[in-house]
Amino acid sequence: MQHFVKVIQGYIANQILHVTWCEFGNKLSSVGNLEEIHRTHAEYLNKAIFRQATILTFTSNTCSGIGQGLLTEKAAPVMNIIHSIFSLILKFRSQLISQSWSFDAGKQMAVHPNFGLMQQSYNTFKYYSHFLFKVVTKLVNRGYQPHLEDFLLRINFNNYYKDN
């Protein structure tokens, strides 16, 4: 779960913030006064925020490309899967911190009162994350949003998803 969060975080930094920053730098080179600098900076901030909200719909991964962060009908199911995965991660966290671990002297091991619930949440997370991997793989194979290859590489760097 932690790996999934870090991958999404890295993907946002690389595919959204970096691209937006490059566009800002390119536009900044053509401004002529302080008012234009202010307007260009405001546009940069708006684009960065908007693109983060629409993670997988960004259409460019280079500084020279033009990205449109529009939430398309095709991308909505992917966003729903990601939202469900993050909800499961938060549910797992709540289950974990709601009660303390204790040591069972009879079994000679640590036990958690919510272990069964946590296991169920993890299994659901695993199912959803594997499903997301399959969906994104199909999108990449069809040529839709080529920058998603970066996401696949990041999420599956150890072949965790391909081996299952």
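Which helices do the buried residues of α4 pack against? I looked that up, and they pack against α1 (2–28), α3 (76–97) and α5 (148–155).

**Ground rules.** I am working with a predicted model, where local features need pLDDT of at least 70 and side-chain atom pairs count only at pLDDT 80 or more, while totals for chains, interfaces and linings use all residues. I number residues from 1 along each chain as its sequence is written, and side-chain values use heavy atoms, with hydrogens and water left out.

**Overall.** I found five helices and two strands, in the order α-α-α-β-β-α-α. Helices here are DSSP runs (H or I, at least four residues), as are strands (E, at least two), numbered from the N terminus. I checked pLDDT, the predictor's confidence in each residue from 0 to 100: the average is 83.

**Helix α4.** I compared its length with expectation: 27 residues (115–141) at 1.5 Å a residue should span 39 Å, and the end C-alpha atoms are 38 Å apart, which agrees. That expected span is 1.5 Å times one less than the number of residues. Among its buried residues (under 20% relative accessible area, 1.4 Å probe, protein chains only) I noted Phe-125, His-130 and Leu-132. After α4 comes Gly-143, with a positive phi near 85 degrees.

**Helix α2.** I found Ile-37 in α2 (residues 34–53). Ile-37 counts as partly exposed because its relative accessibility is 36%, between the buried limit and the exposed one of over 50%.

Methods
Contact means heavy atoms within 4.5 Å.
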